[in-house]
Amino acid sequence: MSLDKNHFQLFGLPQSFAVDKLVLAERQRTLQKEVHPDRFATAGERQQRLAVQMAAQVNQAFEVLSSPVKRGDYLLELAGLDTNFDSYTHQDMDFLMEQMALRDSMDELKSMAKPESALDDLIAKVDRLDQQLQQQFAQKFECGDLDSAKGSLAKMHFSQKLAAELSRVEAELLDY
Amino acid sequence: MLLQISEPGQTAKPHARKIAIGIDLGTTNSIVASVRSGSPEVIVDAEGDGLVPSAVYYGEAEILVGQAAKRKLMLDPINTLVSVKRLMGRGAEALHSLGDEAPYRLRAEAGGMPFIQTRQGDISPVQASAEILKALAERGRQALLGGSVEELSGAVITVPAYFDEAQRQATKDAATLAGLKVLRLLNEPTAAAVAYGLDRAAEGTIAVYDLGGGTFDISILRLQQGVFQVLATGGDSALGGDDFDMAIAQWVMRESGQSQNLNPQQQRQILQLACQAKEDLAQQSEVEVQWSDWRSSLDRAGLQVLLENLIAKSIRACKRALRDAGVRAAEIDKVVMVGGSTRTLAVQAAVAEYFGSEPLTDINPDTVVALGAAIQADALVGNKPDEDMLLLDVIPLSLGLETMGGLVEKVIDRNTPIPVAKAQEFTTFKDGQTAMVVHVLQGERDLVKDCRSLARFELRGIPPMVAGAAKIKVTFQVDADGLLAVSAEEVATGVKASIDVRPSYGLDDKTITTMLRDSFSHAEDDMRARALREQQVEADRVIEAVLVAMAADGEKLLSAAEYTALQAELELLVEVRMQSAAAEEIEAAIERAGKASEDFAARRMNTSIVGALSGRTLDDVEKG
């Protein structure tokens, strides 16, 4: 038993890469007010189970719609494309070189006495690159060039892994 | 018999105020509270005392709980159980957390949960906690319902935010044993935020700094449009006021030239001395400290130096939580203080400095959690239909699975909002393989040995295929209480695999049923009476819920035939509920009525979603 809608429909949003974060958060709260199991705390067990399933579905949709990479994957899946990037071969050598350079910069941070400003610069750089990739994806997706869009999405996956590692390095360096 | 279904817009039954309680089930003390005439109150005993020591005494014929049990601690330590919360959902290795001096005789099954040997037999921590919960519920029932035969509608029980799934499950099992309907397991910091937040009806971002005797919890929450959303939670399960006492005691030993070899009694004395100095410094600026013939004084600045490193540890955990929440310290609008150790002024000063605002301390940090639980319990039973309050919590620790080489692969990351469901696909590695074992773990580390083992699931009934051909989709669902359920299905054939759950440190359902039976001295009759009562209550819940739903939306969402069919099912349930004395019969009737109404319930939720999003009423939506 589930809500018979895709994530965009569930949140009442157009099926597009552009998503307004504030609207998304507001709808998340609105939907949970309707389906959260706490709304059915004194109803029977079956109604409770149903509410748990539906609230989980709302949370899942929110997670996918909030993350650019997951949202991209989802849009391509809805369009019938395979989004398993584990064995994807990147064609763009310049992009790969750039990524390797960024990784080297990240490794260098670890041996710096005062890495703070270099760290901030690197985070900003990775963030800029990510924004560019998202724009590329959005452009190609909206005009229906799904194969090129998939290429951009593969790069977004790459870039996201780097951002995640950078975040771990930041935690280590700043003693969180 | 014909069932009265009222016209749309009218409630099916006159709305009766329901009685619910909030319970703070603590390590040292527990508290029960309830909302009475609009505001939450701690329920006190005849002496005006709200704290119930979390102690259980197993005597020759009786079981005592609270003060009465605590008084037996010195006389009969072996049969007086304290601090059992530390053992909830833990393996035998957790026993050391009770200290070296715990006098209990223990029986631990290999790798399994510990039992404490008392004169009334082997007692699990779950059973001892159930006794405490029973006593608290009875205190609540007496105060709120007096001599009436009416029962409590349910309870919200608080747990530390860092509690893993096994510890939460153990807490819920204890409530089941105590015969309590759990409306929700609520995280302690969230409860505290509710106690503060609802008073002020504020919007904003809140940090809850919860420093108890042995543990530290930090939660970051956002309150917006009546929704309390936990953004991140973290902490240190080995940092608390006890460490403060230890730091002060070590200072005394250093300064007085006391050798490190204290006997257990001296250890207790010096820790008591340290604790006293700490507490006095919350009231006065300087204290005299005396240890045998050594004498000195300690002032607040001196105490701050001694505690600096420990407090800094808590601030680091705050940084991590803020980072997980994606919030900067300056964006925190309010800081709520919970736990007795936040009375230490050096703690308040450090927290104020880090967050850049004075922490809220006006609610007693010992009772704030129980008060928040009472407010939430009151809302959950529907006493505040006009208030749109909702709590959205997160899973505190990542859930993962054991993979090759003793590694853990994460399935659900920590701080993911709950309820959540995630599916993972597995395949077979041998031709004709029909079973496989899945090991579920919780924690942030990469190695199996560094995470907490929650359970092993054995999937059986996989259709035999060549290696790698079978795809088994295993779905992990975590509910709003943070409790896990697992289901599995072979993707190609749709064959459901059956699952044997073996909790690593918990009780399986069969054991709980046995314990329930054993807990009645007159066994069978009591057991049957209670099972019957439980099914009657559940039947009433279902009947009321479906009646209300049909009155509201039945005509809109059901065809005439569907309406009549559902009405007939419900009438059948009412009839069985009124006439049958067999729990199994009522259970079967509930199941039938539940099945018959499930589609209607799903349709209602779907429609309410559409309505909520478009800001229109259900009527408008139906009219298109």
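This is a predicted model: local features need pLDDT of at least 70, side-chain atom pairs count only at pLDDT 80 or more; totals for chains, interfaces and linings use all residues.

The hairpin of β2(B) and β3(B) has two residues between the strands, and in it B:Ser37 takes a positive phi near 35°. Strand β4 (residues 52–53) of chain B is another antiparallel partner of β2(B), with two bridges between them. In that pairing B:Asn29 stands opposite B:Pro53 of β4(B).

Is strand β2 (residues 29–36) of chain B largely enclosed or left open by the rest of the structure? Six of its eight residues are buried, so β2(B) is largely enclosed.

## Chain B as a whole

Chain B contains 14 helices and 27 strands. Of its 624 residues, 41% count as buried. If you take the contacts in chain B between residues at least 6 apart in sequence, 67% of them join residues at least 24 apart.

The domain assignment divides chain B into domain 1 (20–180), domain 2 (199–365), domain 3 (399–507) and domain 4 (520–623). Taken over C-alpha atoms, the centres of domain 2 and domain 4 of chain B are separated by 49 Å.

## A five-stranded open sheet

Which strands form the open sheet of chain B, and in what order? There are five, arranged as β18-β13-β14-β15-β19 (chain B), with mixed pairing. The edges are taken by β18 (334–338) and β19 (390–392) of chain B; each has a single partner strand, so one side of each is left without a neighbour in the sheet. On average, neighbouring strands of this sheet are turned by 25° against each other, direction ignored.

As a reminder, strands of a sheet pair through backbone hydrogen bonds, in either a parallel or an antiparallel way. A parallel example in this sheet is the pairing of strand β13 (residues 204–211) of chain B with β18(B), which spans five bridges. Within this pairing, B:Val208 has B:Val336 in β18(B) as its bridge partner.

Helix α2 (residues 21–35) of chain A lies across β14 (216–224), β15 (227–236) and β19 of chain B, and runs at about 110° to β19(B).

## Where the chains touch

How many residues of each chain are in contact with the other? On the chain B side there are 39, in contact with 29 residues of chain A. Elements giving two or more residues to the chain B side are β12 (182–187), α7 (300–325), β19, β22 (420–427), α11 (523–557) and α13 (583–614) of chain B. The largest share of that side comes from α13(B), with 11 residues. By residue type, the chain B side divides into 21 nonpolar, eight polar and 10 charged.

## Inside chain A

Chain A is divided into domain 1 (7–66) and domain 2 (93–173). Their C-alpha centres lie 31 Å apart.

The axes of helix α3 (residues 45–66) and helix α4 (residues 68–78) of chain A come within 5 Å and cross at roughly 105°. That angle makes α3(A) roughly perpendicular to α4(A). From α3(A), A:Glu63, A:Val64 and A:Leu65 meet A:Lys70, A:Arg71 and A:Tyr74 of α4(A). The residues of this contact divide into three nonpolar, no polar and three charged.

The last stop is A:Gln131, which lies in helix α6 (residues 116–142) of chain A. Is A:Gln131 buried or exposed? A:Gln131 counts as exposed, because it has 12 C-beta neighbours inside 10 Å. A:Gln131 and A:Pro68 are 63 residues apart in sequence, and their C-alpha atoms are 9.8 Å apart in space.

Conventions:
Residues are numbered from 1 along each chain as its sequence is written. Chains are lettered from A and ligands numbered from 1 in the order in which they are written. Two strands pair if DSSP finds at least two bridges between them. Helices (H or I, at least four residues) and strands (E, at least two) are DSSP runs, numbered from the N terminus. Axes are lines fitted to C-alpha atoms, for helices over the stretch in contact, and angles run from 0 to 180 degrees between N-to-C directions. Two residues are in contact if their C-beta atoms, placed from the backbone, lie within 7 Å. A residue is buried if 20 or more other C-beta atoms lie within 10 Å of its own, exposed if 12 or fewer, and partly exposed in between; C-beta atoms are placed from the backbone. Angles under 35 degrees count as roughly parallel, over 145 as roughly antiparallel, 65 to 115 as roughly perpendicular and the rest as oblique. Ala, Val, Leu, Ile, Met, Phe, Trp, Tyr, Cys and Pro count as nonpolar, Asp, Glu, Lys and Arg as charged, and the others, Gly among them, as polar. Domain bounds come from an automatic or database domain assignment.
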